Number of protein chains: 2
Amino acid sequence: MASFEHPYVPKDLELHDYVPCFLSQSEIVAPYLVVSVVVVALVWILSGRASKILLIDRLLMCWWAFTGLTHIILEGYFAFSPDFYKEKTPFFLAEVWKEYSKGDSRYAGRDSAIVTVEAVTAVIEGPACLLAIYAIASKKAYSHTLQLAICLGQLYGCLIYFITAFLEGDNFSASPFYYWTYYIGANGWWVLIPSLIAIRSWKKINAAFQGRTKKTKAN
Amino acid sequence: MASFEHPYVPKDLELHDYVPCFLSQSEIVAPYLVVSVVVVALVWILSGRASKILLIDRLLMCWWAFTGLTHIILEGYFAFSPDFYKEKTPFFLAEVWKEYSKGDSRYAGRDSAIVTVEAVTAVIEGPACLLAIYAIASKKAYSHTLQLAICLGQLYGCLIYFITAFLEGDNFSASPFYYWTYYIGANGWWVLIPSLIAIRSWKKINAAFQGRTKKTKAN
């Protein structure tokens, strides 16, 4: 069978046995958004039944559920499926990465830094996100430490992701549209939100130590 | 001028205008160890003059000084000196990386993941290590948070470092000697020690929260 021509940039990227997307952009993005909204709504409703969970903590639980499942399912599939671009059926997870590679062809091209960051994210950070939901719900002492640790991991991953692309010429998007929506737009949330949570947890941890110091002094 | 043949693996790595090491292995390693011992001794003596700094904290201050200066000077030089292997004088920092590349030729080959990890380590983690010395000495509330954050960064960097090499065939050492001494041996310390410090700081933070919870309950 002759190989299809791929839509990715750079054009000389070799992808033997590439099979084009079966689904349109909206057929890929819409189910992801719908499922995400359902997950967030479920966590929101369930966390509302528990007593004494602050509004901000309920929002955080929704975020950790959304990002944790994205890490484990979407990024986990990518990390361990080197041949996703050869997929001959409209399998949703393969379609996601065939489509996303228009924003960053290093995914289809199996760049080792990308695969490493995604594997670490899927295997370590994903389950840690789900643990964070439990830690917040049960007010564990390690709740903020865990949230800070995950956020720093997500931010480190984003640094590796963007800087390696910059060093290699920043020419992996099929068009400015895909560059700004997929490469910058989709990833931007994983810079913004972890930054905000990291700052919050950092302050909460410091407050815990300051409270302890005051207590010691008071004694 | 004809280019010298480089001693690195894989042999087909192209390094135009490569200039061999001027110094022997011992002439490179010995000054690094001597300067490190001097730095550690200085921090040890100075921290001993301050009152009420625990033995373990004095040891940690020594480590943060050693690793911080290594990050800033050695790794900082590498990150921003793409042409170090062309250096025509026995400039010490260039010699370090010409020698180290025998353990991992991705340094001479300017692998983008390596450059990114080293740049992040030099620019963010290096100064943060020096801040940790100050934080420990002045018993800042953020001392453990900062130490945990740096350790997680160092561990994430090591994960990227080792996994990318594995994915690319793990064939970047000039010999098993260099593989085990430079690639595994030298880097192993930055897996072991940050792991130990991260566990300690994690426990200290949890203890601070547990102390606060008990205080709240007691009230």
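Which helix of chain A is Leu55(A) found in? Some notes on that and a few other things, bearing in mind that this is a predicted model.

1. Leu55(A) sits in helix α2 of chain A. The residue is exposed, with its relative accessible area coming out at 54%. That is over the 50% cut-off for calling a residue exposed.

2. The top contributor is α2(A), which supplies three residues.

3. Now to the cysteines. Searching the whole structure, over all chains, turns up zero disulfides. In chain A, Cys62(A) is in no disulfide, and the nearest cysteine sulfur belongs to Cys129(A), 13 Å away. Cys62(A) counts as buried, given a relative accessibility of 5%.

4. What about chain B: how far is the sulfur of Cys62(B) from the closest cysteine sulfur? The distance is 13 Å, to Cys129(B), so the two are too far apart for a bond. For reference, a disulfide here needs the sulfur atoms within 2.5 Å. Is Cys62(B) buried or exposed? Cys62(B) is buried, because its relative accessible area is 5%, and the cut-off for buried is under 20%.

Notes
Residues numbered from 1 in each chain as written. Chains lettered and ligands numbered in written order. Predicted model: local features only at pLDDT ≥ 70, side-chain atom pairs only at ≥ 80, totals over all residues. Heavy atoms only, no water. Helix = DSSP H or I, 4+ residues; strand = E, 2+ residues; numbered from the N terminus. Buried < 20%, exposed > 50% of the residue type's maximum accessible area, 1.4 Å probe, protein only.
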